[in-house]
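Thanks for coming. I have one structure to go through today, so please look at the screen.

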Amino acid sequence: MDNGTKDTETKQSIGGKDRRIVQICSLASGSNGNAYYVQCEGVSLLVDCGISFRELSNRAKKRGIDLKQLSALFITHEHSDHVRGMKVMTNHLKHVNVYMTAGTKKNVKEYYMPINRSRVHLIGQESETVVGPFKVRSFAKPHDVPEPVSYTIEVENGATIGVYTDIGEVTDRLRDELSKCDMAFLESNYDVEMLRKGHYPQNLKDRIVGGDGHLSNRQAYDLVSSLPADSRLKCLILSHISADNNKPEIVRDVFGSLSYRMRIEVASRHDVGLLFGDMPWQDGCDD
Ligand SMILES: [Zn+2]
Ligand SMILES: [Zn+2]
């Protein structure tokens, strides 16, 4: 996803003529900002809004994504790389409803919050929210804030998509949720050796590798490779790659042995990724 092309992948699924086509795209990924887009039948939602609205709009435009179709924004937690663009985005797009846990709402900096609070809806760490064709399920994740969540997005008679970043360690619940996904954004934050040898102060290194920090390449790989061989997961976008403690080439190398089972991409820290249609891999038309 670093290739900067304007290609889009919106091939018709062969999963049945009534199967709904779902599209996903990483608009931003990493400690400098996160925004993950999902679209089905003209309704779209975003998980996190951690870049400026201007940058979000520019990147969306590159992929022909119409942000005016956006219905909802689901926030995973209050770290600025996940909420930085929320206020200005909700100012521009007046019909977008925002969902977050009470713990997140309490801790989001005031200047990131939507001006119109009636559009902010509280959800539990275990919740289900229906938006158009989507059923969005939240579940708790280990990360160093009070009430962080991951999201699994189900489309009836369509794909199931996971958005799993900022996770200190793999839990049984995460494995179970990932096993239900057709497509997923999964954190592969750091290479253990790069982090160990790198210039970060020890307390920051400890925070990253700790159970409330981030997933390493190895942890993410072990998780994916532990899924049954006939797992539904066919498109994996490795996300939230560290600038200082990782490289896209290392991530590709680590996951290379799984590429016969699924399409593997690495989300760019600096640009929009490819727009993936539901199951483009099945008709053999890669980009
Ligand atoms: Zn983050
Ligand atoms: Zn975080």
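Predicted model: local features only at pLDDT ≥ 70, side-chain atom pairs only at ≥ 80, totals over all residues.

Here is what I would like to begin with: which elements do the buried residues of α8 pack against? They pack against α5, β12, β13, which covers 235–239, and α9, which covers 248–255. Helix α8 itself runs over residues 217–225, and its buried residues are Asn217, Gln219, Ala220, Tyr221, Leu223 and Val224.

Now to the sheet. Seven strands form an open sheet in the order β8-β9-β10-β11-β12-β13-β14, and the pairing is mixed. The edges are β8, residues 127–131, and β14, residues 263–266; each has a single partner strand, so one side of each has no neighbour in the sheet. From one strand to the next, the twist averages 20°.

Let me go through part of that order. Strand β9, residues 134–140, pairs with β10, residues 149–155, in the antiparallel sense, over seven bridges. Two positions on that pairing can be pointed out: arginine 137 stands opposite threonine 152 in β10, and alanine 140 stands opposite valine 149 in β10.

On to β10 and β11, which are also antiparallel, with four bridges between them. Here glutamate 154 has threonine 160 in β11 as its bridge partner. The hairpin of β10 and β11 has four residues between the strands, and asparagine 157 in that hairpin takes a positive phi near 60°.

Why is β10 described as largely enclosed by the rest of the structure? Because six of its seven residues are buried.

Helix α5, residues 172–179, lies across β9, β10, β11 and β12, and it runs at about 145° to β11.

Next, the core. The largest nonpolar core has 70 residues, and the members that touch the most others are Ile161, Ala184 and Leu238. Taking alanine 184, and leaving out residues up to four places away in sequence, the residues touched are Ile161, Gly162, Tyr164, Leu178, Leu233 and Leu236.

Last, a loop position. Serine 52 is in the loop between β4, residues 43–47, and α1, residues 53–62. Is serine 52 buried or partly exposed? Serine 52 is partly exposed, because it has 15 other C-beta atoms within 10 Å, and a buried residue would need 20 or more. Leaving aside neighbours within four places in sequence, serine 52 is in contact with Gly85 and Val88. Lysine 87 is 35 residues from serine 52 in sequence, and their C-alpha atoms are 9.4 Å apart.

That is all I have.

How values were computed:
Residues numbered from 1 in each chain as written. Chains lettered and ligands numbered in written order. Core = buried A, V, L, I, M, F, W, Y, C linked by C-beta atoms within 7 Å. Buried ≥ 20, exposed ≤ 12 C-beta atoms within 10 Å, placed from the backbone. Contact = placed C-beta atoms within 7 Å. Pairing = 2+ DSSP bridges. Axes fitted to C-alpha atoms, helices over the stretch in contact; angles between N-to-C directions.
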